[in-house]
Amino acid sequence: MCYSAQIRADYKRFFRLFGGVLSLRAFAKLYYERQGNPRIKIPKAVDAAFMSPESDEEREIKGLIDAFNAEQAMALEQDLFKQRKRLADAERKLQVKETKKAAEDVRIATAKIEWGLGKLADLKRVELEPRDARIFPGVYVPVMIWEDGQRVVKPMRYQCRPAGKPAKFDALYPGTYNARRDNLEGFWKDVFGLSHGIMVVNAFYEHVNRDGEDVVLEFRPRPQQDMLVACLWSAWSAPGEPDLLSFAAITDEPPAEIAAVGHDRCIIPIKPENIDAWLRPDRANLEASYAALDDRERPYYEHRLAA
């Protein structure tokens, strides 16, 4: 399963090249909701697209990002003050008498201070790093869909909760960030042929067993390229609950080089000329959707141990 991937950092420009219009309303709504729910995770690379706003809507989004970051920085600084005091108190106690509790307080406070300083530095850092574009299940990602006669880009959670399912579906089926191609008309029958999307990534990561040890491998296409990953998405709503846009990446049997290193699935990169055929499915003609999946890009995937 594709448990993690690296999205294109300058996705905003990329989607413009492909004719995708950013739904600024959808982005603003998500950032507004994050103000009251810090558990909503958005990669720093997504935030970066709005750091030089070009319209009133983009300036509104930047304001929401800046306000959220300021709140997070304040919370981190308050916790750093608390942990520094805890460390100093514990060190004073150890000078008088060696105790297990004081030693444990030193260990915990030191670790939390190091973690907090790292998080604070990340918040203030302007230059993007590769990890800023890496996504995991539960994180929000720009996804291209077809809406109102055009390609539209909206932020969606990387773990699909199909419309009509209960909120507990996420816990019951935690692996729904991927959709197996051989189960599209089974488990995914209510989504396949109805709502298709595309996520842009340039690398993906998989857990594999190597000599009895679980390791994470990074796979990158050669020649180097952005991959238009085939996805399914759904718009979920329920009384008293915030609306949710979420998606799953479709996976298939792997090419030989991925199978050779011990993994049994691979994402499906759509060819640029098949974008509209994929984004505009016909429930009465699923063969056309399968054809777009089969007529895929087939790069060679180089691998290495993930950093």
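Good morning. The structure before you is a predicted model. I shall begin with the chain as a whole. The chain has 307 residues, and 47% of them count as buried. Its C-alpha trace spans about 80 × 55 × 40 Å along the principal axes. In secondary structure, the chain contains 9 helices and 13 strands. Consider next the contacts between residues at least 6 apart in sequence: 69% of these join residues at least 24 apart.

Let us turn to helix 4, which runs over residues 56-96. This helix has 41 residues, and the distance from its first C-alpha to its last is 61 Å, close to the 60 Å expected at 1.5 Å a residue. Which elements do the buried residues of helix 4 pack against? They pack against helix 1 (11-17), helix 2 (24-36), helix 3 (44-48) and helix 5 (100-124). Among the buried residues of helix 4 are Ile61, Leu64, Ile65 and Phe68. An α-helix has 3.6 residues a turn, so residues three or four places apart point the same way.

Helix 2 may be treated in the same manner. Its 13 residues should span 18 Å at 1.5 Å a residue, and its end C-alpha atoms lie 19 Å apart, which agrees. Its buried residues are Leu24, Ala26, Phe27, Ala28, Leu30, Tyr31 and Arg34. These residues pack against helix 1, helix 3 and helix 4, and also against strand 2 (21-22), strand 4 (140-147) and strand 5 (150-158).

I come now to the cysteines. A disulfide is a covalent bond between the sulfur atoms of two cysteines. How many disulfides does the model contain? With a cut-off of 2.5 Å between the sulfur atoms, the count is 0. Cysteine 160, for instance, is in no disulfide, because the nearest cysteine sulfur, that of cysteine 231, is 9.8 Å away and the cut-off is 2.5 Å. Cysteine 160 is buried, with a relative accessible area of 0%. Cysteine 266 also counts as buried, at 4% relative accessibility.

Finally, we move to the surface. Leu172, Tyr173 and Phe187 form a nonpolar patch there, with about 290 Å² of accessible area together. Where does phenylalanine 187 lie? It lies in the loop between strand 6 (178-180) and strand 7 (196-210). Its relative accessible area is 35%, so phenylalanine 187 is partly exposed. Thank you for your attention.

How values were computed: Residues numbered from 1 in each chain as written. Predicted model: local features only at pLDDT ≥ 70, side-chain atom pairs only at ≥ 80, totals over all residues. Heavy atoms only, no water. Buried < 20%, exposed > 50% of the residue type's maximum accessible area, 1.4 Å probe, protein only. Patch = residues over 30% accessible without salt bridge, like charges linked within 9 Å, V, L, I, M, F, W, Y side chains within 5 Å. Areas by Shrake-Rupley, 256 points an atom, 1.4 Å probe, with all protein chains shown as cover. Salt bridge = Lys/Arg side-chain N within 4 Å of Asp/Glu carboxyl O. Helix = DSSP H or I, 4+ residues; strand = E, 2+ residues; numbered from the N terminus. Expected span 1.5 Å × (residues − 1). Contact = heavy atoms within 4.5 Å.
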